[in-house]
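Subject: Model for you to look at

Hi,

Here is the structure I said I would pass on.

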Amino acid sequence: MASRIDSEYDYLFKIVLVGDSGVGKSNILSRFTRNEFSLESKSTIGVEFATRTLEVDGKTIKAQIWDTAGQERYRAITSAYYRGAVGALLVYDITKNSTFDNLQRWLHELREHADANIVLMLAGNKSDLNHYRAVSEQDGQSFAEKEGLLFLETSALESYNIENAFHTVLTDIYHIVSKKALVAEEAALGVPGKGTAINVGGGASGNTKKGCCSS
Ligand SMILES: Nc1nc2c(ncn2[C@@H]2O[C@H](COP(=O)(O)OP(=O)(O)O)[C@@H](O)[C@H]2O)c(=O)[nH]1
Ligand SMILES: [Mg+2]
């Protein structure tokens with residue numbers, strides 16, 4: 001989702017939260033959008049999202065952040081949840097190994113359902129519980145590097161790196177979108193952009209890659 005509307009904001013970006021139940025997704029969302037944190041875990045029925053508008057590189061970005069409502073417990077997140085998402089926070093709990101072990105499955109699900117160009121941030125949440133730590137920061141970092149993800153440890157409780165995580169993802173998305181717009185502009189003007197494949201051989205080995213964006 002990257003539509004341009006003139007009045008209130010320049011861009012609207014959909015971001016999804018994924019990861020096991022209990023890792024802190026709903027609190028990350030409430031911390032970022034309302035600056036609230038709750039010790040209780042409440043799960044409502046159906047998909048919810050919250051928005052926050054912020055400045056990125058001088059542009060007004062409206063972030064629409066989607067949270068699951070407990071369906072992740074049954075691994076029953078529908079493809080509608082991922083549709084149109086241009087960013088995702090893949091969250092695990094640094095005190096719970098199983099939530100780290102399940103990351104591969106979440107990544108698989110993201111890669112299956114989301115746009116190929118989606119910006120992914122791995123977030124090792126509950127960094128305030130360092131005394132109960134089960135996953136080292138190095139393990140998080142290595143996994144992120146191996147899978148090509150951004151990485152931060154966060155704490156929704158202490159409000160640590162929450163702002164930074166979303167800001168980093170939104171900045172990355174904005175750069176991708178503005179670069180795409182530039183390429184489209186150059187194409188419209190007939191200027192070959194950087195990285196454009198120009199077929200000179202006339203053979204059948206043309207670019208067979210399909211369009212990036214699901215709808
Ligand atoms: N210590 C600590 N607890 C957290 C943090 N984030 C969430 N929690 C707690 O973890 C539990 C599950 O959080 P919740 O946001 O409902 O997780 P979700 O199931 O992924 O949406 C709740 O009891 C929260 O209070 C955090 O950063 N630090
Ligand atoms: Mg939740």
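Let me start with Glu153, which counts as buried because its relative accessibility is 5% (buried means under 20% relative accessible area, exposed over 50%, partly exposed in between, with a 1.4 Å probe and protein chains only). Its side chain meets that of Arg133 in a salt bridge, at 2.8 Å from N to O (a salt bridge being a side-chain nitrogen of Lys or Arg within 4 Å of a carboxyl oxygen of Asp or Glu). The two residues link distant parts of the chain, with Glu153 in strand S7 and Arg133 in the loop between S6 and H5, 20 residues apart. Helices (H or I, at least four residues) and strands (E, at least two) are DSSP runs, numbered from the N terminus. Arg133 counts as partly exposed, at 28% relative accessibility.

Before going on, the ground rules. This is a predicted model, in which local features need pLDDT of at least 70 and side-chain atom pairs count only at pLDDT 80 or more, while totals for chains, interfaces and linings use all residues. Residues are numbered from 1 along each chain as its sequence is written, chains are lettered from A and ligands numbered from 1 in the order in which they are written, and side-chain values use heavy atoms, with hydrogens and water left out.

As for confidence, pLDDT is the predictor's confidence in each residue, from 0 to 100. The chain has a mean pLDDT of 86, and 82% of its residues reach 70 or more. Residues 202-215 have a pLDDT below 50, and beyond near neighbours in sequence this stretch has 9 contacts in the model (contact means heavy atoms within 4.5 Å).

Back to the charged pairs: the structure holds 7 salt bridges. One of them is between Lys126 and Asp93, whose closest N and O atoms are 3.2 Å apart. Lys126 sits in the loop between strand S6 (119-125) and helix H5 (137-147) and Asp93 in strand S5, so the pair ties together parts that are 33 residues apart in sequence. Lys126 is partly exposed at 23% relative accessibility, whereas Asp93 is buried, with a relative accessible area of 4%.

Glu147 and Arg111 also meet through their side chains in a salt bridge (3.0 Å, N to O). Since Glu147 belongs to helix H5 and Arg111 to helix H4 (residues 103-113), the pair ties together parts that are 36 residues apart in sequence. Glu147 counts as buried at 17% relative accessibility, and Arg111 is partly exposed with a relative accessible area of 47%. Salt bridges that share partners join Arg111, Lys146 and Glu147 into one network.

H5 is also the place of Ala144, which is buried with a relative accessible area of 0%. Leaving aside neighbours within four places in sequence, Ala144 is in contact with Leu122, Leu149, Leu150 and Phe151. Ala144 and Ala123, 21 residues apart in sequence, are 9.5 Å apart in space, C-alpha to C-alpha.

S2 runs parallel to strand S4 (residues 59-67), joined by 6 bridges; two strands pair if DSSP finds at least two bridges between them. In S4, Ile61 stands opposite Tyr11 and Ile65 opposite Ile15. S2 also pairs with strand S5 (residues 87-93) in the parallel sense, over 4 bridges, and there Leu17 has Leu89 as its bridge partner.

S4 itself is largely enclosed by the rest of the structure, because 7 of its 9 residues are buried. Strand S3 (residues 48-56) runs antiparallel to S4, with 9 bridges joining them, and Phe49 stands opposite Trp66 in S4. S3 and S4 form a hairpin with 2 residues between them, and Asp57 in the turn has a positive phi of about 50°.

Cheers
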